[in-house]
Amino acid sequence: MSCAFASDLLLNKKEADVRYIELMDAVRAKREAAGETAPKETGIRIHAPVKEQEALSFRDRLYRDVLKGNREGITADTQKALDEGEAAKTLLDDVLLPAINEVGELFDKGKYFLPQLIASAEAMKTSIEYMEPLLLQANTDQEMPTVVIATVEGDIHDIGKNLVALMLKNYGFHVIDLGKDVPKETIIEEAKKHNAQVIALSALMTTTMQQMRHVIEYAKEQQIDAKIIVGGAVITQEYADEIGADGYSEDAAEAVKLTKRLLGINE
Ligand code: B12
């Protein structure tokens, strides 16, 4: 079995990376428990049998899909949870976000490795994209201002940025999403081109949060008067103040309130 898992991995078969890591984790745990040092036949079962999975509630299955990076099954499980009457927003807040946070903690503790992080993030994105029409319910007829949003250069995290964009669209804002790893020049150029009133920047790493400062400096140089708001797990109000951002918020819902407040739009 170990050979089969290893060869699948070397042949780059679908999801073989995560399966291999799970197998090796289980082997290590078993070995440690038995006080062994040398490898032996594994005898490990890494995937819960179908019956066990079926016994889980739809919410638990969805949680597990993110935790285990189940990119294949998550769409069906999302649909099943919706069929059970769960609201898309509740699934996002109560299941998907806590699940990806647990993945982050496991990665932090060295229990999860990059392929697992990627698999979990992709599974979560698949579910969010599937629910997007349900999450997106524009609730204004007003002509709303333009927001240019991007994850800063050097940073490829975009789940949070996508949620902020989605929420802003939800409230009728015209959102130009420049994607991730976006250089400051592009951000400012696009903001000018679209006459953006707000520039929203996301960064998830202590290394890339520095880019926000550069964007703000460059915006001043280019005499851009759009308000600049910042966010992402590593950002704090103190940091936002230090780099001269116009606003910071902790999550996507607050980002909408912040944008409205800065533009003087009534709640
Ligand atoms: C998923 C993930 C990934 C995925 C990203 C996939 C994707 N498409 O986004 C992948 C696997 C690609 C990845 C890669 C890496 N990652 Co990573 N990743 C994560 C993880 C687990 C979750 C991030 C996430 O999506 N959270 C869920 C979203 C919804 O939350 P959020 O982004 O914070 O967004 C919310 C708010 O912050 C806010 N917000 C976000 N943006 C904005 C913007 C504005 C304007 C406003 C107002 C608000 C706002 O609203 C959002 C919604 O409420 C975090 C750990 C964690 N728990 O944060 C690590 C983490 C961010 N990653 C980390 C690292 C180190 C990396 C890598 C360098 C790993 C490596 N060795 O290669 C690479 C980075 C490569 C690069 N150049 O960017 C570290 C960063 C450490 C640090 N402090 O600097 C973390 C913290 C993990 C850890 N504990 O070590 N990662």
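Okay, let's start with a definition: a residue is near a molecule or strand if one of its heavy atoms lies within 4 Å of it. By that rule, 37 residues surround the ligand here, and the closest are Ile-156, His-157, Asp-158, Ser-202 and Thr-206.

Quick housekeeping. This is a predicted model, where local features need pLDDT of at least 70 and side-chain atom pairs count only at pLDDT 80 or more, while totals for chains, interfaces and linings use all residues. Residues are numbered from 1 along each chain as its sequence is written, and side-chain values use heavy atoms, with hydrogens and water left out.

So, the ligand. I'll talk about polar contacts, meaning a pair of N or O atoms within 3.5 Å; within protein, one must be able to donate a hydrogen and the other to accept it, and residues adjacent in sequence count only if both atoms are side-chain atoms. The side chain of Asp-158 has an N or O atom 2.7 Å from a ligand nitrogen. For Ser-202, the side chain also puts an N or O atom 2.7 Å from a nitrogen of the ligand. With Thr-206, a backbone N or O atom sits 2.8 Å from a ligand oxygen.

Which element gives the most to the shell? That's α6, with 6 residues. Helices here are DSSP runs of H or I, at least four residues, and strands are runs of E, at least two, numbered from the N terminus.

On to the sheet. It's open, with 5 strands in the order β2-β1-β3-β4-β5, and the pairing is parallel. Two strands pair if DSSP finds at least two bridges between them. β2 (174–177) and β5 stand at the edges with a single partner strand each, so one side of each has no neighbour in the sheet. Between β3 (198–202) and β4 (227–231) there are 5 bridges, and Ser-202, our ligand neighbour, has Gly-231 in β4 as its bridge partner.

Gly-231 brings me to Ser-249, since the two are in contact (heavy atoms within 4.5 Å). Where is Ser-249? In the loop between β5 (247–248) and α12 (252–263).

Technical notes
Lists of a residue's contacts leave out its neighbours within four places in sequence.
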